[in-house]
Every structure is written in structure tokens, then in C-alpha cells.
Amino acid sequence: MEISLFKSSLNEASIIHEMQVKTFMPFLNKYQDYETSPANESVERTIDRLNQSFTEYYIIKSSDLNVGAIRIVRKENKTYRVSPIFILPEHQGKGIAQRVFSIIEDKYNDARVWELDSILQEQGNCYLYEKIGYQKTGETKQINDKMTILFYKKTLI
């Protein structure tokens, strides 16, 4: 399976937003996190992020099909944050996200630290991040009585 990343511009805002809503809607329904869910964000929010000088969005493609997206946020001291990454539900479980992380780490080879967060209750996602070298920081954020955000960090040498 050929996985590639297509650097996105404002032209792709609606494509990214549509995939984001489709991917995160089951989580919104499950956890009812109306304030924080990417499924509840407007396309204007995606446009705002695309306009940030410290942000890069990539559409994830598998055999020329759009299957998801990833946003990379440049921070200080060679620290980068993934926020968010998502794979459309019909393409999940195929190793795509794992391949995307490998591509991103090669592309941003000056990175010393990678950060991301996940939903504690979504053990499959947490397993993936830990499998590829992310470690829990110990920091959590309670969103509501159904959902807790867990923070991860991966330190490179």
C-alpha cells in the first residue's frame, strides 16, 4: 500500500474539514465533548489553522485516495506537535497512521521532541502511539465524566 502526504493549502480546507468531521463524529456521539471535539469545529477553524505560519497540514493519500490528514505544529526548541491526525473510518486498521508517523519523522528530521494527545478511553489509539515510541507524560485533562485527554511525548536523540 502506497502512502503519501500532500502538503495542503487553503484550497483543501473544505476537504480536510469534511474528513475531520466524518472521522471524529463517532467520538463526539460517544463522549459528547461538544466544546473540544474536532467534529464540532467549523471549516473556518480549519482555515485559521492553515493560515498559521507555524502549522502545516498534509492530506494523507493511499493509492491517490484521500484517507485522512495530519497537522504538524512547530513549537520552540525543535519540538513538534501532531494535532490532529485522523484516518477515515473505512481506512482505519490498515497501518496507515503508523506509516504516516514514519514519513513525518523523516520529513522533520531536525525534531528533538514530538508531542500529541489522545483520548484515554480509546485504548487502540493509545496502543498505537505507545507502539511507535510515544510515552505518557503523566499529564491528563478531564473533559467530562466520559472522557479524559492523555498527553504523550516522544524524545529523539
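A two-residue hairpin links strand β6 to strand β7. The model is predicted, so local features require pLDDT of at least 70 and side-chain atom pairs pLDDT 80 or more, while totals for chains, interfaces and linings use all residues. Residues are numbered from 1 along each chain as its sequence is written, and side-chain values use heavy atoms, without hydrogens or water.

Strands β6 (residues 135–144) and β7 (residues 147–155) run antiparallel and are joined by six bridges. Strands are DSSP runs of E, at least two residues long, and helices are runs of H or I of at least four, numbered from the N terminus. Two strands pair if DSSP finds at least two bridges between them. Lys-136 lies opposite Tyr-152 of β7.

The largest pocket holds about 1200 Å³. A pocket is an open set of points on a 1 Å grid where a 1.4 Å probe fits, with protein on both sides within 12 Å along at least five of seven lines; lining residues have an atom within 4 Å of a point. Its volume is the space filled by probe spheres set on the points. The lining has 48 residues, and Phe-24, Ile-85, Asp-117, Asn-125 and Tyr-129 are the closest to the centre. β4 contributes the most to this lining, seven residues.

The largest nonpolar core has 27 residues. Such a core joins buried Ala, Val, Leu, Ile, Met, Phe, Trp, Tyr and Cys residues through side-chain atoms within 4.5 Å; buried means under 20% relative accessible area (1.4 Å probe, protein chains only). Helix α3 supplies the largest share of this core, six residues.

Notes:
Buried means under 20% relative accessible area, exposed over 50%, partly exposed in between (1.4 Å probe, protein chains only).
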